[in-house]
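Visitor: I have the model open. Walk me through it, one question at a time.

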Amino acid sequence: MSLRGASSIAGIGSAGIGNAPGRNAMELMAESALAAIADAGLQLYDIDGIFAATSTHAFPTLSVAEYLGLRPRMQDGSNIGGSSFEAHLLSATMALAAGQCDAALICYGSNQRSAGGRLVSMSEKQVHEAPYRPRHPITAYALAAGRHMYQYGTNREQLAEVAVAARAWANLNPDAFAHGPLSIADVLGSRMISDPLTVADCCLVTDGGGACVLVRPDRARDLPHPPVYVLGAATAGWHRAVMCMPDLTITAATESGARAYAMAGLTHRDVKLAMLYDAFTINTILFLEDLGFCGKGEGGAFVQGGAIAPGGRLAVNTNGGGLSCVHPGMYGMFLILEAVTQLRGQAGARQVPDLNVALVHGNGGTLSSQCTALLGTRAAL
Amino acid sequence: MTGPEAEYRAHLEAGRFMIQRSRSTGTYVFYPRVAVPGTGERDLEWVPAGGGGTVYAITVNRTREGAYNVALIDLDEGPRMMSRVEGVETAPIGTRVRARIVQEDGAPLVVFHLESGA
């Protein structure tokens with residue numbers, strides 16, 4: 001049985017993107033969920049499937065069900081870091097196709113900026129890494145960046161291009177947290193945190209909640225927005241701790257991407273918007289390579305000259321990304337929200353023209369979990 | 001029966017840096033496990049690590065308290081481990097290093113130093 005097009009995203013919502021003092025993670029998650037349900041033209045009591053992950057809830061689907069007063073038939077609280085929500089797209093699609101639920105809510109919320117301004121994590125210590133005091137996640141990504149530079153000649157200016165492009169997109173997005181000019185020189189001159197990554201190579205620390213609602217396509221026809229179909233979705237994971245990553249320059253996105261493309265019957269050439277989880281500048285380069293947009297080792301050259309900035313050869317992270325739009329700790333939900341906004345043609349000044357296929361790629365842990373989904377309009381179905 | 005993690009630490013306490021090897025396949029394993037990852041052989045025995053290694057990746061964490069490196073070291077036997085290279089701020093990828101056991105926070109810890117400076 002093919003799952004291609006077996007579900008569609010009918011509603012999206014967000015809350016507290018950026019700074020949301022005085023509101024807790026569950027409040028932001030619930031506000032987002034209610035906004036997504038309303039956007040879908042559904043009622044709260046229509047939701048019978050809950051898919052959720054946060055950095056603060058051990059049993060997130062139970063917490064969401066209790067808070068909203070729902071009694072879900074189907075729930076999936078799988079937590080594979082920031083990529084959880086792309087994985088939830090797959091499990092929600094399977095659940096809808098199998099009749100295990102009729103309206104699936106995927107949701108997330110975090111107040112990590114207001115709560116302390118630091119990355120919050122329930123992650124247990126990796127006992128064979130912790131004595132050396134890695135400052136994960138950044139240490140892991142710095143190790144990968146350094147190895148990529150060593151093997152392929154990637155340089156800091158190319159890493160900086162990723163941050164500069166993200167800021168240029170953010171400047172077109174009124175909802176983005178970081179606005180204003182950012183140059184390659186600014187990035188290079190920023191405070192070094194973990195060689196070769198400066199503070200400007202690192203994602204934001206913000207608050208924010210996000211949610212989406214999926215239904216089967218037959219139901220979507222009666223709802224207010226044109227459906228955004230899940231054409232393909234796949235997950236892959238090869239390690240937990242970065243010391244066990246087989247090759248720091250090749251991520252499991254090579255597998256999740258290939259499987260998602262195969263399910264969708266598409267290739268990278270069909271993708272006109274790539275939403276790539278940019279927790280650090282090296283991520284975007286790695287995922288452009290591993291998802292087929294360029295060859296291995298060519299990602300640095302690929303992004304040069306504004307190639308992924310507005311007006312470039314490929315639209316990447318048009319909301320401004322985790323680097324300049326929003327990053328409350330687990331960013332994956334916001335990739336989906338931007339892709340849907342773009343596929344609906346509602347992205348305003350940053351709208352990608354003639355868009356029918358968007359790729360969303362979530363990353364979790366220390367390059368550990370990789371989840372890819374392909375979303376499309378009716379024209380792509 | 002003691003598990004491999006506790007056995008590894010007991011060897012370190014006794015001043016021995018030991019890793020595992022499959023008797024049938026010769027595959028080296030680190031960190032310590034109950035079976036060879038991916039293939040599942042249970043015939044793991046303890047063998048002394050030769051102590052030689054190569055820097056696979058390295059970064060310098062810069063904090064208010066100072067700068068220190070964190071490295072991934074490829075042991076000559078094959079497995080990779082996280083550690084640090086002592087005596088230098090950083091070292092190029094590919095640098096030859098040698099293990100030693102130090103005491104830190106009341107526990108033994110494997111760190112590396114430059115082979116050329118041994």
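Visitor: How far apart are the centres of domain 1 and domain 2 of chain B?

Guide: This is a predicted model. The domain assignment of chain B gives domain 1 as 4–48 and domain 2 as 52–114. Taken over C-alpha atoms, the separation of the two centres is 21 Å.

Visitor: How many residues does each domain of chain B put into the contact between them?

Guide: Residues count as in contact when their C-beta atoms lie within 7 Å. By that cut-off, domain 2 of chain B contributes nine residues and domain 1 of chain B contributes eight.

Visitor: Which elements of domain 1 of chain B each supply at least two residues to that side, and how does the side divide by class?

Guide: The side of domain 1 of chain B that touches domain 2 of chain B draws at least two residues each from α1 (4–13) and β2 of chain B. By class, that side has six nonpolar, one polar and one charged.

Visitor: In what order do the three strands of the open sheet in chain B lie?

Guide: Strands of a sheet pair through backbone hydrogen bonds, either parallel or antiparallel. In this open sheet of chain B the pairing is antiparallel. β2 (28–29) and β3 (44–48) of chain B each pair on one side only, as edge strands. The order is β2-β1-β3.

Visitor: Which residue of β3(B) is the bridge partner of M18(B)?

Guide: β1 of chain B covers residues 18–22. It pairs with β3(B) in the antiparallel sense over five bridges. In β3(B), the partner of M18(B) is P48(B).

Visitor: How many helices and strands does chain B have, and in which order do they run?

Guide: From the N terminus on, the elements of chain B run α-β-β-β-β-β-β-β-β-β. The count is one helix and nine strands.

Visitor: What share of chain B is buried?

Guide: The C-alpha trace of chain B spans about 45 × 30 × 25 Å along its principal axes. Take the contacts in chain B between residues at least 6 apart in sequence: 48% of them join residues at least 24 apart. A residue is buried if 20 or more other C-beta atoms lie within 10 Å of its own. Of the 118 residues in chain B, the buried share is 25%.

Visitor: Now the chain A–chain B contact. Which element gives the most to the side of chain A that touches chain B?

Guide: The contact takes 18 residues from chain B and 19 residues from chain A. On the chain A side, α5 (138–152) and β5 (192–194) each supply at least two residues. By class, this side has ten nonpolar, four polar and five charged residues. With six residues, the element that gives the most is α5(A).

Visitor: Which residue just after α5(A) takes a positive phi?

Guide: The phi angle there is about 75 degrees. The residue is G153(A).

Visitor: Which element gives the most to the side of domain 1 of chain A that touches domain 2 of chain A?

Guide: The domain assignment of chain A gives domain 1 (8–115 + 207–229) and domain 2 (136–200 + 232–380). Their centres, taken over C-alpha atoms, are 23 Å apart. In the contact, 31 residues of domain 1 of chain A meet 36 residues of domain 2 of chain A. The element that gives the most to the domain 1 side, with seven residues, is α3(A).

Visitor: How do the residues of that domain 1 side divide by class?

Guide: Elements giving two or more residues to this side include β1 (8–18), β4 (104–110) and β7 (207–215) of chain A. By class, the side of domain 1 of chain A has 15 nonpolar, 14 polar and two charged residues.

Visitor: Which element gives the most to the largest nonpolar core?

Guide: The core has 158 residues. Among those with the most contacts inside it are C212(A), V213(A) and L375(A). V213(A) touches residues including A10(A), I37(A), L42(A) and A104(A). With ten residues, the element that gives the most to this core is α6(A).

Methods. Residues are numbered from 1 along each chain as its sequence is written. Chains are lettered from A and ligands numbered from 1 in the order in which they are written. This is a predicted model: local features need pLDDT of at least 70, side-chain atom pairs count only at pLDDT 80 or more; totals for chains, interfaces and linings use all residues. Two strands pair if DSSP finds at least two bridges between them. Helices (H or I, at least four residues) and strands (E, at least two) are DSSP runs, numbered from the N terminus. Two residues are in contact if their C-beta atoms, placed from the backbone, lie within 7 Å. Ala, Val, Leu, Ile, Met, Phe, Trp, Tyr, Cys and Pro count as nonpolar, Asp, Glu, Lys and Arg as charged, and the others, Gly among them, as polar. Domain bounds come from an automatic or database domain assignment. A residue is buried if 20 or more other C-beta atoms lie within 10 Å of its own, exposed if 12 or fewer, and partly exposed in between; C-beta atoms are placed from the backbone. A nonpolar core is a set of buried Ala, Val, Leu, Ile, Met, Phe, Trp, Tyr and Cys residues joined through C-beta atoms within 7 Å. Lists of a residue's contacts leave out its neighbours within four places in sequence.
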